[in-house]
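User: Please take me through this structure with a few questions and answers.

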Amino acid sequence: MKNKQSSIDDFLDLSSLLTGFDKVDLQGTGLAEVYRKEVLRIIGAQITTEIERAGAAIYRKYRNREKLMEEAVRSEILSHAILGPLAKNITSMWYLGVWNQMPQAWLDHTGIKQTAPSHVISADAYKESLV
């Protein structure tokens, strides 16, 4: 159970970095676990764990230094060939309640054959989106 909780915490750290919302606000939507499961289902554990760990490390290292945190997110996640497009998709999930199909160039780069097409995660995701 601790590993599962740690993963949810890491996902919330990452999500807070990407959205600018506090972890408590994100938890309040009731969608953190739903979104994490969706990413795992579509992308798989290896890349999901990689982005969660990268986000959590930045969040914990620069928690009270916003400018350094933003720079680290840009340089270590958003500009990364694999993590960047996924980070943008996770952000879109939180703001719009939708999953966008990953670009073909990303699929080619990761070796993943196919991911889910663009879709609304759920009615709740749409209603609880951050916009």
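**Pocket, helix and salt bridges**

User: Which element gives the most to the lining of the largest pocket?
Analyst: This is a predicted model, where local features need pLDDT of at least 70, side-chain atom pairs count only at pLDDT 80 or more, and totals for chains, interfaces and linings use all residues. Residues are numbered from 1 along each chain as its sequence is written, and side-chain values use heavy atoms, with hydrogens and water left out. Helices here are DSSP runs of H or I with at least four residues, numbered from the N terminus. With 6 residues, the largest contribution to the lining of the largest pocket comes from α5.

User: How much space lies in the largest pocket?
Analyst: On a 1 Å grid over the protein atoms alone, a pocket is an open set of points where a 1.4 Å probe fits, with protein on both sides within 12 Å along at least five of seven lines; lining residues have an atom within 4 Å of a point. A volume is the space filled by probe spheres set on the points. For the largest pocket it comes to about 340 Å³.

User: Which residues are the closest to the centre of the largest pocket?
Analyst: The lining of the largest pocket has 18 residues. The closest to the centre are Ser-16, Leu-17, Leu-18, Gly-20 and Met-69.

User: How far apart are the end C-alpha atoms of helix α4?
Analyst: Helix α4 has 17 residues, 45-61. The expected span of a helix is 1.5 Å times one less than its number of residues, so α4 should span 24 Å. The model agrees, with the end C-alpha atoms apart by 24 Å.

User: Is Asp-13 buried or exposed?
Analyst: Buried means under 20% relative accessible area, exposed over 50%, and partly exposed in between, with a 1.4 Å probe and protein chains only. Asp-13 has a relative accessible area of 1%, so the residue is buried.

User: Where does Lys-23, another partner of Asp-13, lie?
Analyst: Lys-23 forms a salt bridge with Asp-13, with 2.7 Å between the closest N and O atoms. The two are 10 residues apart, Asp-13 being in helix α1 and Lys-23 in helix α2.

Terms used. Salt bridge = Lys/Arg side-chain N within 4 Å of Asp/Glu carboxyl O.
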